[in-house]
Protein chains: 2
Amino acid sequence: MGVDRDFINRILQGERVSVARAISIIENEHSDAIETLRKLYPHTGRAYRVGMTGPPGAGKSTIANKLAKLYREANKQVGIIAVDPTSPFTGGALLGDRIRMTDVELDSGVFIRSMASRGSLGGLSKKAREAADVLDASGCDIILMETVGVGQSELDIVRAADTTVVVLVPESGDSIQAMKAGLMEIADFFVVNKADRAGAEQAVRSIKMVLNFKTQSNGWNPDVLQTIASEGKGIDLVADMIASHRNFLQEKNLLNKKRTERMIERIRELIGEHLRVEFWTADREKMLKSKIQDVLSLHTTPYDLAEQLLNHFKH
Amino acid sequence: MGVDRDFINRILQGERVSVARAISIIENEHSDAIETLRKLYPHTGRAYRVGMTGPPGAGKSTIANKLAKLYREANKQVGIIAVDPTSPFTGGALLGDRIRMTDVELDSGVFIRSMASRGSLGGLSKKAREAADVLDASGCDIILMETVGVGQSELDIVRAADTTVVVLVPESGDSIQAMKAGLMEIADFFVVNKADRAGAEQAVRSIKMVLNFKTQSNGWNPDVLQTIASEGKGIDLVADMIASHRNFLQEKNLLNKKRTERMIERIRELIGEHLRVEFWTADREKMLKSKIQDVLSLHTTPYDLAEQLLNHFKH
């Protein structure tokens, strides 16, 4: 394979240009991607992964940046991956456009990377998890993965993170009731950011009221914190809560359980992808294209065409 | 196969109990699901499918109900599918809890169905599309598919709909800038609902400003409408805009193109699912479970275990 041992070593030493190049290899689905990940894998498993999700404009990036600064003060290596699940149509990025220049960015102990869809539907969360592996192998102690979203994208974050934080703003109050079924199980804790705005106390109360009736199935009780991230207020509480949740998981041996489930899922995905690539030979692609109008004109059904494709060219 | 011809005929005649049962068969992944869909398929293709998406509480259900009433006055058969992509953890439904009793509900010309995740990650949008096929075959002229979401779930709606409407409220203004990359290409038009609230005009202006710089790649120009759905105001404009977009697609032969792409995607999914089910035999499941700790303890890599699974038990 074409993956140079020197390249791997430079990643393991945390050399920024190589780390960035490795993530680009993954992002662009370069043929070296799997071999790079395979060689890095034995050096992973040390980083703690925190997922942050919530509506656009809630301040997730600001919280991530301030948290990074705090971890830097404790001499930890930090990685931030900002995932933008939107728009495979334009290839446009929510976060890619954003200038993310803060005091942490110039510090060599923090590595920040934005990742957007670029047209490949569904593959983004997988790539983000692989990028986290690169950062893990490069020596990061903590990796913050942030994403915009309600629904599927949040679930993907949960599957990739050890601790998940849902960030809201006071104005999210309206949505809280409606979203409770989903968010309450996704969040290991909540942050109401921009807590100096009107309605903050009430937003906290609304969330707490819903939480009153719920404990996670593992026994953990999600709490609600308040921050004013732009002023750095409450960030220490967020860091403390991440640490508490981590301790909880470790003491109950739940971290290993969580990571095992995650790895099983990942191996299923790797195999699914392999089967898909292997199946869709040029012959089968051609057959699909030549028969698709028969399906649309109702002369055959999608189920029959799928069966034909499965039965033909059996090897 | 166990699918009765009488059952199929009753669905084709629009008999409500049978239609509901067919959708339940799909939702519960009953073994009769594919055979039912296969027999219904030749009777589909007549219904026009409209996707509606937007944040929780924007009023999507209200708009759908009022639209249904309008279509009923024109003697059209209407189907509404409310998709809730949240929380595979609790099995909880956003929409399942909601009481949806309105004047349209008692009319036999409208069929309303809520669908939630119930733990099967990722399969929901597929099931919703299949439920739409059932409604199509049962004689619906128009099918409204509504979902909550930002990100993946919206994309799935786009893939299933002929026309997609993004519903916002005046307070969504903050998010509009942030979401523009994604939403602008997803939406065939926008509705700012609750337009009697403060900030409505400004929300409309914000969206229009962004739209100013964009046309869809097919030449369609998305517009912004205002509604007060609870009072029925503006619903006629929504219906007119759906009709305009439909005409546009038909005149440019884009409807067939859109449906062809959708069908290709669907056949790929059917095959992917078949390959997955075929692959994960009890032997391979056992091997995965027995070796997963070797991966977690870093004695092997996920890529090597996947390869082992692919190479073993080859038939």
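Two residues are taken to be in contact when their C-beta atoms, placed from the backbone, lie within 7 Å. On this criterion, among contacts in chain A between residues at least 6 apart in sequence, 74% join residues at least 24 apart. The model is a predicted one. Chain A comprises 12 helices and 7 strands, and 44% of its 315 residues count as buried.

Just after helix 5 of chain A, A:G139 adopts a positive phi of about 110°.

In chain B, strand 6 (residues 189-192) is flanked by two pairing partners. Strand 5 of chain B (residues 163-168) pairs with strand 6 of chain B in the parallel sense over 4 bridges. Strand 7 of chain B (residues 223-226) likewise pairs with strand 6 in the parallel sense, over 4 bridges. B:F190 illustrates both pairings: B:V166 stands opposite B:F190, while in strand 7 of chain B the bridge partner of B:F190 is B:V224. In a regular strand, side chains alternate between the two faces of the sheet. In strand 6 of chain B, B:F189 and B:V191 point one way, whereas B:F190 and B:V192 point the other way, and all are buried.

Positive phi values also occur in residues other than glycine. A:K194, which is not a glycine, has a positive phi of about 55°. This residue is located in the loop between strand 6 (189-192) and helix 8 (200-212) of chain A. Because A:K194 has 23 C-beta neighbours inside 10 Å, it counts as buried, the threshold being 20 or more. In chain B, phi of B:N253 is near 55°, again a positive value in a residue other than glycine. B:N253 is placed in the loop between helix 9 (235-251) and helix 10 (254-279) of chain B. With 9 C-beta neighbours inside 10 Å, B:N253 therefore counts as exposed, for which the limit is 12 or fewer.

The packing of two helices is described by the angle between their axes and the distance between the axes. Between the chains, helix 12 of chain A (residues 302-311) packs against helix 10 of chain B at an angle of about 55°, with the axes 9 Å apart. The two helices are therefore oblique to each other, and their crossing is right-handed. The contact is made on the side of helix 12 of chain A by A:P302, A:Y303, A:L305, A:A306, A:L309 and A:L310, and on the side of helix 10 of chain B by B:M263, B:R266, B:I267, B:L270, B:I271 and B:H274.

Within chain B, the axes of helix 4 (residues 60-73) and helix 9 come within 10 Å and cross at roughly 75°. Helix 4 and helix 9 of chain B are therefore roughly perpendicular to each other, a description that applies to angles of 65 to 115 degrees. In this packing, B:I63, B:K66, B:L67 and B:L70 of helix 4 of chain B meet B:I235, B:D236, B:V238 and B:A239 of helix 9 of chain B.

Note on methods
Residues numbered from 1 in each chain as written. Chains lettered and ligands numbered in written order. Predicted model: local features only at pLDDT ≥ 70, side-chain atom pairs only at ≥ 80, totals over all residues. Pairing = 2+ DSSP bridges. Axes fitted to C-alpha atoms, helices over the stretch in contact; angles between N-to-C directions. Parallel < 35°, antiparallel > 145°, perpendicular 65-115°, else oblique. Left-handed = near helix turned anticlockwise from the far one by under 90°.
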